[in-house]
Amino acid sequence: MADFFKSFSKTGTGSLVSVYTVPTADSGAVPPVLPTTALVKSIRISNPTGSAITTKVVMVDASNTNLSINLFLGSLAAETEQEILTQPIVLEQEDKIDITGSSTTILISLMEIT
């Protein structure tokens, strides 16, 4: 079993953008992709613009018919940042974090366990 600390960042657009997806196991790949679980420690969003931005951050649960769970939905004030997690969350194979919000930036810090 191996643990890898990683971070992912992206700038949102007016439509849904995928920031991170847990890798799908593939023993036939070279090198093989092992079954992976991700422990998400932090999700920070920021608004570098001069006006408020409506932002949505969702976790998509692939094992539950792609159920979307809102982690954040609201207005992010001009030139502010916010941590949206109060507790870590666990993601399994093919689960993902998506963002909507023109010019909103997001930083996800997590540990992948294989």
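This report describes the fold of one protein chain and then a few of its residues.

The structure is a predicted model, in which local features need pLDDT of at least 70, side-chain atom pairs count only at pLDDT 80 or more, and totals for chains, interfaces and linings use all residues. Residues are numbered from 1 along each chain as its sequence is written, and side-chain values use heavy atoms, with hydrogens and water left out.

## The chain as a whole

The protein chain has 9 strands and 0 helices. Here helices (H or I, at least four residues) and strands (E, at least two) are DSSP runs, numbered from the N terminus. Read from the N terminus, the order of elements is β-β-β-β-β-β-β-β-β.

The C-alpha trace spans about 50 × 25 × 25 Å along its principal axes.

Contact means heavy atoms within 4.5 Å. Among contacts between residues at least 6 apart in sequence, 78% join residues at least 24 apart.

The accessible surface of the protein chain comes to about 6,400 Å², and 55% of it belongs to carbon and sulfur atoms. Such areas come from the Shrake-Rupley method with a 1.4 Å probe; for residues, only the protein chains shown count as cover. Of the 114 residues, 32% count as buried. A residue is buried under 20% relative accessible area, exposed over 50%, and partly exposed in between (1.4 Å probe, protein chains only).

The protein chain has 6 positive and 11 negative charges, and their mean positions are 5 Å apart. Lys and Arg count as positive and Asp and Glu as negative, while His and the chain ends are not counted. The place of a charge is taken as NZ of Lys, CZ of Arg, CG of Asp or CD of Glu.

## Two buried residues in strands

Asn47 belongs to strand β3, which covers residues 37-47. Its relative accessible area is 1%, so Asn47 is buried. The side chain of Asn47 reaches the backbone oxygen of Ser51 at 2.8 Å. That is a polar contact, meaning a pair of N or O atoms within 3.5 Å; within protein, one must be able to donate a hydrogen and the other to accept it, and residues adjacent in sequence count only if both atoms are side-chain atoms. Not counting residues up to four places away in sequence, Asn47 touches Ala52, Ile53, Leu76, Ala77, Ala78, Glu79 and Thr80.

Ile99 sits in strand β8 (residues 96-100). Ile99 counts as buried because its relative accessibility is 0%. Beyond residues up to four places away in sequence, Ile99 touches several others, including Gly12, Leu16, Val17, Ile45, Val57 and Ile106. Ile99 and Asn70 are 29 residues apart in sequence, and their C-alpha atoms are 10 Å apart in space.

## Residues in loops

| Residue | Relative accessible area | Class |
|---|---|---|
| Thr86 | 75% | exposed |
| Thr24 | 38% | partly exposed |
| Glu94 | 41% | partly exposed |
| Ser103 | 31% | partly exposed |

Thr86 lies in the loop between β6 (80-83) and β7 (89-91). Its C-alpha atom is separated by 8.4 Å from that of Ser42, and the two residues are 44 residues apart along the chain.

The loop between β2 (17-21) and β3 holds Thr24. Pro31 is also placed in the loop between β2 and β3. The peptide bond from Val30 to Pro31 is cis, with omega near -5°. Leaving aside neighbours within four places in sequence, Thr24 is in contact with Val33, Gln93 and Glu94. The side chains of Thr24 and Glu94 are joined by a polar contact of 3.4 Å.

Glu94 itself is in the loop between β7 and β8. Glu94 is not a glycine, although it has a positive phi of about 75°. Ser103, in the loop between β8 and β9 (105-113), has a positive phi of about 75° and is not a glycine.
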